[in-house]
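Thanks for coming. Please have the structure open while I talk.

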Amino acid sequence: MSLFKARDWWSTILGEKEEFDQGCLCVADVDNSGSGQDKIVVGSYMGYLRIFNPHPVKPGDGVQPEDLLLEVQLREPILQVEVGKFVSGTEGLHLAVLHCRKLCVYAVSGTLGNVEHGNQYQIKLMYEHNLQRTACNMTYGPFGGVKGQDLICIQSMDGMLMLFEQESYAFGRFLPGFLLPGPLTYNSRTDSFITVSSCRQVESYKYQVLAFATDADERQEPEQQKLSSGKRLAVDWILNIGEQALDICVVSFNQAVSSVFVLGERNFFCLKDNGQIRFMKKLDYSPSCFIPYCSVKEGTINTLIGNHGKTLNVYQDVTLKWATQVPHIPVSVKVANLQDLKGVIVTLSDNGHLQCSYLGTDPSLFQAPRVDSREINYEEFNAEMKELQKIIKEATKTQDILPKSEKHRDLIVTAEVSPDLDAESQAIDSEVKAEAVPSVTVKITIQSRVTAQKPNLAVCVQAPLAVTCDQFVFDDLEPDSSETVVLSVFLKGNCSPSELEGSCVVSYSTPTGIPKVAQCNFRLPLRLICFPAQSSKAANHKLTIDTNKPPISFLTIFPDFVDPSEDDQANVLGFQFLTGSKTTLLASKTSQRYRIQSDQLEDLWLITKELTLRLEEHFKKQNCKDFACTFSGSIPLQEYFELIDRHFELRLNAEKFQELLSERAVQFRAIERRLLTRFKDKTPAPLQHLDTLLEGTFREVIALADAAEENQANIFQAFTKLKSATHLVIMLISLWQKLSTDQIAILEATFLPLAEDTQEL
């Protein structure tokens, strides 16, 4: 319970499901009683007009029947109510009611009751104006310095100011650069209208300028406006506040400086009459309404600001003096003199909660009850503590990222690679120049333990390898059912791949709509990209891998490449890649070493990897756990850097080709435009060799495109070679430094981030 609550003096709820806004509340001595007491006038969007004169017996009382002086339905939504000297020939106060398409001025009068039912009040229509445009809001005042009467200015939704001299329509003017209507008020000191435009700036227009400006009743073209009599509507001053305004108020109290107050969505501004800022206050809440009123301290002005946090804040200039809570979000706030009580705060919410309150504090009468002291049983507490710690320990054990149920997966995908190459090759559209391009069959099986909806299988291998079909879509799988697909993998591009691995990914949805993914990897045979050949003694690049076990015969570890009848292949083995290059593998007869040699650095990678994998598998089968490979030679960095330079040079070429192509394309289009203009001309003019120039440019564009395509193919080959060489360098570093699997993974993530080679990356 907050101490700073608005003390409820009188309150009521208006109607049922009615709506109210900023202009729907007004306080004034509307019936000209002369007692100095204000009445509360409220209009609603449902068309009800109500006038209250609160008389609570004690503060906090609800509404009494005699508090409602008048309630009348006007059948049209009430946008705004104002009280002023609106009728000529009298200085009495009258009530102006603004509807969407009508302005009505009423006289409110009361007659003394002869019986106990009390006084009777009624309204009498003095005059009305039917509006040609939909109204938004209005303001009033002694426009042009007129004495003893108030004129009315209505702002329409399309930016027209309509001015009425009491019973007659005076003139209408359009605001320049108008988009949406903002708040509008009249400053009698400078005889000007102040509004906030959609450009988020405060604008001031002099009444005299409005009166002499071009008539807006028929909206003229700018050219006609210049010729017609009257001047263009010019703004007096502008101040950019950078936000939309909720309300504007002009104040002049005897002891205070005359000021214009503007309430923005995030800031509160006080301006001088010439548009200069006196001060501003940044608000840390969303305001909903405000009202400046007289201050007790000379030279300052108090302001009451309501916000969407159901709070009213009282500021003395920029200093917060008081904050008080109200039971609703106020959309309009006024300060009134009611029943000899000066300075009653009247607030109205958008759903019709009307409250009169005053500031004060509500002391809290709550006292905390005494707690019965009891003896503490430490043994019982210790036992409970141990039990809780046990539960916490169980709960915080390191768990797998996947839940335990995932160990028995809902859907399993397995890939089985055929041990032999296909008898009849399935290779299609291969760019390899070899006589025969082999292919290998991969059989993929999907087993589902649950219902799998819309399963989708994608098979992925690294280019230049390719598959006969890489996407499969199945019907929904029933529980304990399976699907099998068969596809072939072959070498498509004319260069050796950097990896002989592929992956299968199945995406599916569970019956509850949860998307899931299952995947597996498979290893392709080395025979897919090379075949046995005569070994070569001379080579540019050589690597020596040391092991801690005696060398194994190649008949044992490479049975698919060695002919058993040839004994000389036990220690020497030749590999011929489909792309043409050769690699030789030698096993030392005396020491525990293997040598790999080739003319190309990148060709060493796949053979070296295959050798280490097959050696590890061989010793694993023999239950030998301490087998290890090491590398003690020098890492071929110079050759590796040459590959990097070659790849970089090709990438620069690609950029150069792109620039040249765009230049020639621009030139080609320019010549086309010139030719088209010549052909369209009714009097034929000589072409001046434009056709020759067009043909030459066309040939250049085609030649550049062909060169760019060839360069792209070269980039792909250089990229694949660079990837192979990077794999090799990482492997040699790991063998040299005896790195763990995690450390190798870090190296690969650092040096092999690219799966694709594009100009953007």
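Let me start with the layout. The C-alpha centres of domain 1 and domain 4 are 71 Å apart. The domain assignment of the chain places domain 1 at 6-214 + 233-359, domain 2 at 411-525, domain 3 at 529-631 and domain 4 at 637-752. Those bounds come from an automatic or database domain assignment.

Now the ground rules. This is a predicted model, in which local features need pLDDT of at least 70 and side-chain atom pairs count only at pLDDT 80 or more, while totals for chains, interfaces and linings use all residues. Residues are numbered from 1 along each chain as its sequence is written, and side-chain values use heavy atoms, with hydrogens and water left out.

There is one annotation to mention. UniProt, in an unreviewed entry, lists residues 634-737 as "domain: PTHB1 hairpin". UniProt positions are given in the numbering used here, the feature names are shortened, and annotations may be inferred rather than shown by experiment. In the model, the span 634-737 is 88% helix and 0% strand, and its end C-alpha atoms lie 12 Å apart. Helices here are DSSP runs of H or I with at least four residues, strands are runs of E with at least two, and both are numbered from the N terminus.

Next, a helix. Helix α3 covers residues 378-395, which is 18 residues. From first C-alpha to last it reaches 26 Å, close to the 26 Å expected at 1.5 Å a residue; the expected span is 1.5 Å times one less than the number of residues. How many of the 18 residues of α3 are buried? The number is zero, so α3 lies largely in the open. Buried means under 20% relative accessible area, exposed means over 50%, and partly exposed is in between, with a 1.4 Å probe and protein chains only. At the N-terminal end, α3 is capped by N377, with a side-chain oxygen 3.3 Å from the backbone nitrogen of E379. A polar contact is a pair of N or O atoms within 3.5 Å; within protein, one must be able to donate a hydrogen and the other to accept it, and residues adjacent in sequence count only if both atoms are side-chain atoms.

Now a strand in another setting. Is β23, residues 301-307, enclosed or open? Seven of its seven residues are buried, so β23 is largely enclosed by the rest of the structure. Both faces are covered: I301, T303, I305 and N307 are buried on one side, and N302, L304 and G306 on the other. In a regular strand, side chains alternate between the two faces of the sheet.

What pairs with β23? Strands pair if DSSP finds at least two bridges between them. Strand β22, residues 287-294, runs antiparallel to β23 and is joined to it by seven bridges. P287 has N307 as its bridge partner in β23, and F290 stands opposite I305. Six of the eight residues of β22 are buried, so β22 is also largely enclosed by the rest of the structure. The two strands form a hairpin with six residues between them, and G299 in the turn has a positive phi of about 85 degrees.

On to β24, residues 311-316, which is antiparallel to β23 and joined to it by five bridges. Here G306 stands opposite L312. This hairpin has three residues between its strands, and K310 in the turn has a positive phi of about 60 degrees.

Inside it, four bridges join β3 (residues 39-43) to β4 (residues 48-52), and V41 has I51 as its bridge partner.

The other sheet also has four strands, ordered β29-β30-β34-β32 and paired antiparallel. Its edge strands are β29 (411-417) and β32 (465-467). The twist averages 25 degrees from one strand to the next. Axes are lines fitted to C-alpha atoms, for helices over the stretch in contact, and angles run from 0 to 180 degrees between N-to-C directions.
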